[in-house]
Amino acid sequence: MPILRKGEIKTFRIEDLAHGGDGVARAENGMAVFISLTLPGDLVKAKITKIKKDYAFAKLIEVVEAGEGRTKAPCPVYNECGGCQLQHINYKKELEFKKNNIKQLINRIAEIEDFKLRDVLAADDDFRYRNKAQFPLALNEDDQITAGFYKRGSHDIVPNHNCLIQHPLINRILRITLKELNKFQISVYNENTLQGLLRHLVIRVGTCTNQALLVMVTNGDDFIDKNLIARTLMRKIPELKGVVQNINNQNTNVIFGKEDILLAGENKITEYIGKTGYLISARSFFQVNTMQAQKLYDTAADYIGDDHGARVVDAFSGTGSIALYLADRVEKVYAVESLKAAVKDARANAELNNINNVDFELGLVEDKLPEIIERDQIDSIIFDPPRKGLDEKTIQLLLANEIKKIIYISCNPATQARDLKSLKEKYRLLEIQPVDLFPQTYHIESVALLELKN
C-alpha cells in the first residue's frame with residue numbers, strides 16, 4: 001500500500017464528520033485523514049501537513065466536487081479563524097451531523113443501541129446568538145490595538161471586530177472600546193515575553209435586557225488611565241452597566257485572574273431565562289445562548305415530569321440557573337457547587353426571584369451527594385458536569401443507591417457516553433434530546449434521561 005508523505009497533495013473523498021468538525025477521509029492505506037472546512041460527500045485536493053501512527057492531517061487546497069449541504073460561509077475570515085468550524089455547511093445539514101455524532105458516540109463508547117434519539121432542538125437564530133465574548137488582544141501592523149480570535153491551530157490572532165455569532169451589541173462595544181484604548185499609550189500582553197498590560201476584553205450582554213458588562217483583563221494593576229477610559233465608555237455606550245478590571249499576572253491560558261476591580265457603574269447585569277431572573281458578574285458561569293438555554297432547561301423540566309412533590313438534586317449547579325428555573329415545579333431542590341463565588345451569586349439569584357425551596361450546598365459533588373441522599377429521599381438528580389464528566393466516586397455512589405431518575409446534561413457527548421456505559425448496569429438510557437446552543441460550531445448539548453432498572 002502507498003504510504004502518505006508530508007507535503008504531498010492528494011485527492012480525498014470525505015466520508016464523515018469528526019467530533020471537532022473536521023471532515024474524515026481514508027487514505028489508500030486505510031489511514032484516517034482529518035481535513036478542516038470539508039463535509040461528507042466532498043471530493044477535495046488536500047496537502048498532508050502532519051502524520052501520526054494511525055491518522056494524518058491535511059490542509060484543504062481545492063473542493064473538486066461539493067458534498068450535499070455545502071454553502072458559502074458568510075464570515076470574511078472564516079477560513080482562517082478558529083472560532084467557528086461549520087459555517088461552510090448549511091444549518092439543516094449541521095443539525096443532522098450533530099445528531100449523528102451523538103448516535104455514533106453512544107453506540108461506540110457507551111455500547112448502547114436501544115434508546116430514543118430525538119431530533120436536535122434547533123436555534124431560532126443560528127447567527128448573532130452569543131451573549132458572551134472573550135477577545136484576545138494584539139497590535140496590528142500600525143501598532144494599533146486590535147482584537148479577534150485565534151487562528152486555527154495556533155495562538156496567532158485573526159482580527160475580527162464584527163463576529164457573526166456574537167450579539168450585535170458585543171461587536172459595537174468592542175469597536176468603541178478599541179477606539180478609546182488606542183487614544184492612550186497602552187501596551188498589549190505578549191505570551192512569549194510575558195510583558196505588556198492588556199490581555200483580553202470580555203464582554204457580556206443580556207439578550208433579554210440589553211444590558212452589558214465590559215471586563216478589561218490586565219497583566220497587573222499598572223493601568224494609569226483606566227478610570228478615565230471606563231467613564232468615557234459608560235458615557236458613549238448607554239447599554240453598558242459597568243466596567244470591571246480583572247487582574248491576571250499568571251503565565252497561563254486561563255483568561256481570568258482572581259481579583260476584580262470595579263472601575264465604573266455596577267459589577268453585574270441582569271438576564272432572564274423564561275421568567276427567572278439572574279444576576280451575572282464578570283466571572284459567573286451562564287449559558288452563552290440565552291434563548292436556547294430555555295429550551296435546554298425546559299427539556300430537563302419535562303424529564304422531571306409533573307410531580308410537584310419531587311425532591312431534586314442539581315449537581316454542578318453553578319450560579320443556580322437550572323435549580324432556580326425548576327424551583328416552582330418541584331417541592332425541593334438541593335443545588336451543589338464547589339465554587340464559593342458561584343454559590344454566593346446563586347443565593348443572590350434566589351433572593352432576586354423570591355425563591356425559598358432551593359438549598360445551596362458549597363462543596364464537591366462527590367462529597368455532598370452522599371450526605372444529601374442519606375438525609376432525604378431524592379427522586380431525581382440533574383447532572384451538568386464540566387467537560388471531563390463525572391468523577392468515579394459519583395458513578396459508584398449512583399450504582400450503590402437507587403435513584404429513580406437521572407438527567408445528565410453534557411456539553412461533551414464523548415465523556416457523557418463513557419459515563420453512560422458505567423451506569424448502564426443499573427440505569428436504563430431511555431432517550432437523549434440534543435439542544436443546539438452553539439450553531440456554526442461543532443459543540444452540542446446532550447440531555448440524557450435515565451431511569452432505574454426494574
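Biologist: Which residues line the largest cavity?

Modeller: The lining consists of Leu-17, Ala-18, His-19, Gly-21, Leu-86, Glu-94, Phe-97, Lys-98, Asn-101, Tyr-442 and Ile-444. A cavity is a set of points, on a 1 Å grid over the protein atoms alone, where a 1.4 Å probe fits but cannot get out, and lining residues have an atom within 4 Å of a point. Please note that this is a predicted model, in which local features need pLDDT of at least 70 and side-chain atom pairs count only at pLDDT 80 or more, while totals for chains, interfaces and linings use all residues. Residues are numbered from 1 along each chain as its sequence is written, and side-chain values use heavy atoms, with hydrogens and water left out.

Biologist: How much space lies in the largest cavity?

Modeller: The figure is about 90 Å³, where a volume is the space filled by probe spheres set on the points, and grid points are joined across faces, edges and corners. The structure holds 1 cavity of 30 Å³ or more.

Biologist: Where does the largest share of that lining come from?

Modeller: Helix 1 provides the largest share, 4 residues. Helices (H or I, at least four residues) and strands (E, at least two) are DSSP runs, numbered from the N terminus.

Biologist: What does helix 1 pack on?

Modeller: The background is an open sheet of 8 strands with mixed pairing, in the order 6-21-22-20-19-16-17-18; two strands pair if DSSP finds at least two bridges between them. Its edge strands, strand 6 (116-117) and strand 18 (358-362), each pair on one side only. Helix 1 (residues 91-110) packs on this sheet and touches strand 6, strand 21 and strand 22, at about 160 degrees to the direction of strand 21. Contact means heavy atoms within 4.5 Å. Axes are lines fitted to C-alpha atoms, for helices over the stretch in contact, and angles run from 0 to 180 degrees between N-to-C directions.

Biologist: In which sense do strand 21 and strand 22 pair?

Modeller: Strand 21 (residues 427-435) and strand 22 (residues 445-452) are antiparallel, with 8 bridges. Gln-433 has Val-447 of strand 22 as its bridge partner.

Biologist: Staying with that sheet, how many residues of strand 16 are buried?

Modeller: In strand 16 (residues 311-315), 5 of its 5 residues are buried, buried being under 20% relative accessible area, exposed over 50% and partly exposed in between (1.4 Å probe, protein chains only). Arg-311, Val-313 and Ala-315 are on one side, with Val-312 and Asp-314 on the other. Strand 16 pairs in the parallel sense with strand 17 (residues 332-337) over 5 bridges, and Lys-332 of strand 17 is the bridge partner of Arg-311.

Biologist: What about Glu-331: where does it lie?

Modeller: Glu-331 lies in the loop between helix 5 (321-326) and strand 17. Its relative accessibility is 44%, so Glu-331 counts as partly exposed. Not counting residues up to four places away in sequence, Glu-331 touches His-308, Gly-309, Ala-310, Arg-311 and Asn-357.

Biologist: A change of topic: what is the order of the open sheet of 7 strands?

Modeller: The order is 9-8-7-10-11-12-13, with mixed pairing. Strand 9 (157-159) and strand 13 (259-265) stand at the edges with a single partner strand each, so one side of each has no neighbour in the sheet. From one strand to the next, the twist averages 35 degrees.

Biologist: Which strands does helix 2 lie across?

Modeller: Helix 2 lies across strand 7, strand 8, strand 10, strand 11 and strand 12, at about 145 degrees to strand 10. Its buried residues include Leu-169, Ile-173 and Leu-181. Helix 3 (226-236) is among the elements that cover them. Helix 3 itself lies across strand 11, strand 12 and strand 13.

Biologist: How do strand 11 and strand 12 run?

Modeller: They run parallel and are joined by 7 bridges, with Leu-214 partnered by Val-243 of strand 12. Strand 12 and strand 13 run antiparallel, joined by 6 bridges, and there Val-243 stands opposite Ala-264 of strand 13.

Biologist: Finally, which residues lie nearest the centre of the second largest pocket?

Modeller: They are Ser-36, Leu-37, Lys-59, Asn-79 and Arg-152, out of 28 lining residues. A pocket is an open set of points with protein on both sides within 12 Å along at least five of seven lines. The volume of this one is about 770 Å³, and strand 5 gives the most to its lining, with 7 residues.
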